[in-house]
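Please look through the structure below before reading the notes. They are grouped by topic and meant for a first reading.

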Amino acid sequence: MEKKANPDRSQAPRILDAVEFDLQLKPYQLFTLDNGIPVYSVQAGAQDVMMVELVFKAGNWYENSNIVAATTNFMLKNGTHTRTAFEVNEHFDFYGAYLNRNCYNETATLTLHTLSRHLPELLPVMAELLTDCIFPEEELQIYRQNQKQRLEVNLKKCDFISNRLIDEYLYGFDHPYGRYTSISDYEKLRRDDLVEFYRNYYLNGNCMIFVAGRFPETVFGQLNKQFGTLPLRQHIAERTHAIEPAASHKYRVVNDASGVQGAIRIARPFPGRHHPDFAGVQVLNNIFGGFFGSRLMSNIREDKGYTYGIHSYIQNHLHESAWMISTEAGRDVCEATVQEVYKEMDRLRTEPVTSEELHLVRNYMMGSLLGDLDGPFQIIARWKSYLLNGLDETYFFNSLQTVRTITPERLQELAQKYLDPAAFYELIVV
Amino acid sequence: MAVVNVMYNVGARDEDPAQTGFAHLFEHLMFGGSKNIPDYDEPLQRAGGENNAYTTNDLTNYYCALPAENIETAFWLESDRMLGLAFSKKSLEVQRKVVVEEFKEHYINKPYGDVWHEMRKLAYTRHPYRWMTIGKELSHIENANIQDVKNFFYRFYRPANAILSVSGKVDTEQVRQLAEKWFGPIPAGEPYHRELPQEPPQTAARLLEIKADVPVDAFIRTWHMESRLNKGYYVADLITEILGGGGSSRLYQSLVKEKQLFSNLDCYHFGSMEAGLVVVEGRLVKGVTMQRADAALTEELEKMKSAEVSAAELEKVRNKTESVIAFEDMSIMSRAASLALYELMGDANLMNTELDKYREVTTADMLEYSRRIFDVNNSNTIYYYAKQQES
């Protein structure tokens, strides 16, 4: 037999440039329930599993007092006239299904993941939770007590404190993006507030349904039967909230005098996804701090060893947003870390990105997108994000086009426009 | 997409007790350049790929996810670092600092951050599960030198001690050819024979009390269980599911909801290859004494030891297991890792028969193993008290 020769390891194998990939976003199917509620679905995947997600406009954007939205969402599983909280949990647990609820700024969700064959047993109970939730006082009391303790523990963590404060500086405490919870908010929670919020934003709320996985076509009939007769609405009165950014830009906070690390947050306001600069800024952000090979990571972790990780990103908001740099660094190197962040901003403003670096980032972003489109839950998540933002597939293709074609000059222009240290809030919490 | 996964048969359990945290530090150094390739990440990112790695007490795993068309890039990168590292001093210096920051972020600068260091020390007197993958102390990481790095590499990072698995949109024949081409010429090296000190059976309950600057008291108890391929492993997995899996689990319902003694409570097990631990941990509701919480937990466990679980409860946790496996199998990353993991345990095909092992568990088994596991003399407890705040 022929002896195996060593291949030439000095040369990288030929690659297909990811920018050449013909990336496609698998379209959704739209089905409309009798009450007009849209069901967006993606049929894909090799396992007989699926998810059904109900998305309500029931985030803290719509609440009149603090944490009513989050508490209402949490307590969806805590009892109806015919089932106790335990029985609700037992029902979903018995079928090996997961029923999760999450509350965000604008939206709140109820999400089911299950083996597809169990769906007929589960949907009716989901519908029950959306029509007959009773918010038992005792359940609320347990929730209040346990959440207060959880908050007390979190308040010891510098990263938790820094996330709250930086949002407050950016948006103001009275804005839903800037508001946070204190122990006394739990004391003030009243059952009646939850009942009213539930009535307005779930029972008679605005709802969209997302379905993905490998499921039988009978699903749509089942959804229509369970949710098609509910008094859900396709539109609800929109609200606006004024932003009141902080006047001062630099903050140093001591939360734990003996702490060995500091949490650093550096952020500036940034218009949302609809702004024409958004797609280009996404590319710039990747170069700056958006992935493992980014400049912040290469400099501050891989060269200096100040931190385990440093990242930058555009906050995922439906309205106004912010460009954020976030890290935890050794206490004695926090100030040096902040200075390095500004140095990297300065480099992006003053020197054009080399074509080699840009080529790498383009390919990385395309490959990463390809990975993000792998699997039904990933595809529907992308559609959900687009639909909630009022976008469609042209946005997808335009973003791809930007990744493929943006020039070093344009990136430098964007850096000069946005990466101006004077526009950033700067915070260190130790 | 495709995933190329390389699993090395070395974890924190294989470390010298005087040099803990090394397997994990080493994982960081695997990204510091290899014989022919100065930068690992850059060519992979250029090929549209991403990678990561993790170290456990049992093993170290590296994976690249990249467009299937560019799969050869992953073979080139992974084989070159198996062939030999660059052993750069700068990389060692920087990664020591990075790992020290990782240590601080997760285990020092966090309330209750030391609890697992203490629990491992309490529950294991001899076996190297005595320490966490991050290491016993910062100095072990700070003192690592380049010779240690070289020795570790040539002892453990040889083909004879590695498993390659590939998943995704790939052709088996092409994978075979690429594997031969890139990995075939690397000298196999000596297989590593693991001879670790074994933990003697525990004969008396152990208790440690800690007082620290935390807001609320915490409770944690562990019991020794069987190793990964034994029947007792599968039984223990289902027992922890009945006790702690989800909102309808016994401990959550009884101790958090009905008696309101704990503000949160988890029951799970290590999932380790060698004999691991079953864990119950939670934080106490303010005003509840440790003794009262402990007694109520013991009462629940006595129920597990005195009567069989119901048929419906067993069916529930079986359904859950089936569902967990189906969801895991959706991701090509998790499939590649599972293939390698089962092969490391002796046979990749175990991946296909795992569910049957769970189906064979009976309610009588659960009773028997509950009695064995939840024996007071097999238990290790930490009472983690909040220091009284000075006003």
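This is a predicted model: local features need pLDDT of at least 70, side-chain atom pairs count only at pLDDT 80 or more; totals for chains, interfaces and linings use all residues.

Residues are numbered from 1 along each chain as its sequence is written, chains are lettered from A and ligands numbered from 1 in the order in which they are written, and side-chain values use heavy atoms, with hydrogens and water left out.

**Nonpolar cores**

- In soluble globular proteins, nonpolar side chains tend to be buried together.
- A nonpolar core here is a set of buried Ala, Val, Leu, Ile, Met, Phe, Trp, Tyr and Cys residues joined through side-chain atoms within 4.5 Å. Buried means under 20% relative accessible area, exposed means over 50%, and partly exposed lies in between (1.4 Å probe, protein chains only).
- The largest nonpolar core has 80 residues, and those touching the most other members are F26(B), M30(B), F75(B), Y157(B) and Y384(B).
- Helix 3 (residues 71–83) of chain B gives this core its largest share, seven residues. Helices (H or I, at least four residues) and strands (E, at least two) are DSSP runs, numbered from the N terminus.
- Leaving out residues up to four places away in sequence, F75(B) touches V4(B), L164(B), V166(B), V175(B), L178(B), A179(B), W182(B) and F183(B). Contact means heavy atoms within 4.5 Å.
- A second, separate core holds 72 residues, including V281(A), M345(A), V361(A) and M365(A).

**Salt bridges**

- Side chains of opposite charge can pair when their charged atoms come close.
- A salt bridge is counted when a side-chain nitrogen of Lys or Arg is within 4 Å of a carboxyl oxygen of Asp or Glu. By this rule there are 49 salt bridges over all chains.
- K384(A) and E53(A) form one of them, with 2.8 Å from N to O. The pair links distant parts of the chain, 331 residues apart: K384(A) is in helix 13 (residues 376–388) of chain A and E53(A) in strand 3 (residues 49–56) of chain A. K384(A) and E53(A) are both buried.
- Which residue forms a salt bridge with K286(B)? The partner is E152(A), and the closest N and O atoms are 2.7 Å apart.
- This pair crosses between chains, since K286(B) lies in the loop between strand 8 (277–284) and helix 11 (290–306) of chain B, and E152(A) lies in helix 4 (residues 137–154) of chain A. K286(B) counts as partly exposed, at 47% relative accessibility, and E152(A) counts as partly exposed at 23%.
- E300(B) and K303(B) are joined by a salt bridge whose closest N and O atoms are 2.8 Å apart. Both lie in helix 11 of chain B, three residues apart, or about one turn of the helix. E300(B) is buried, with a relative accessible area of 4%, whereas K303(B) is partly exposed at 39% relative accessibility.
- D303(A), K304(A), E340(A), K343(A) and K90(B) are joined into one network by salt bridges that share partners.

**Aromatic rings**

- Rings of Phe, Tyr and Trp (its six-membered ring) pair if their centres lie within 6.5 Å; planes under 30 degrees apart count as stacked, over 60 as edge-to-face and the rest as tilted. The structure holds 56 aromatic pairs over all chains.
- The ring centres of F197(A) and Y201(A) are 4.6 Å apart and the planes are at 35°, so this pair is tilted. F197(A) and Y201(A) are separated by about one helical turn because they are four residues apart in helix 7 (residues 191–203) of chain A. Both F197(A) and Y201(A) are buried.
- Y233(B) and Y234(B) form an edge-to-face pair, 5.6 Å centre to centre with 80° between the planes. Y233(B) is buried at 6% relative accessible area, and Y234(B) is buried at 1% relative accessibility.

**Strand 6 of chain B**

- In strand 6 (residues 218–224) of chain B, seven of its seven residues are buried.
- In a regular strand the side chains alternate between the two faces of the sheet.
- A218(B), I220(B), T222(B) and H224(B) point one way from this strand, while F219(B), R221(B) and W223(B) point the other way.
- Two strands pair if DSSP finds at least two bridges between them. Strand 6 of chain B pairs with strand 8 of chain B in the antiparallel sense over seven bridges, and T222(B) stands opposite V279(B) in strand 8.
- Strand 6 of chain B also runs antiparallel to strand 9 (residues 379–386) of chain B, joined by six bridges. Here W223(B) stands opposite S379(B).
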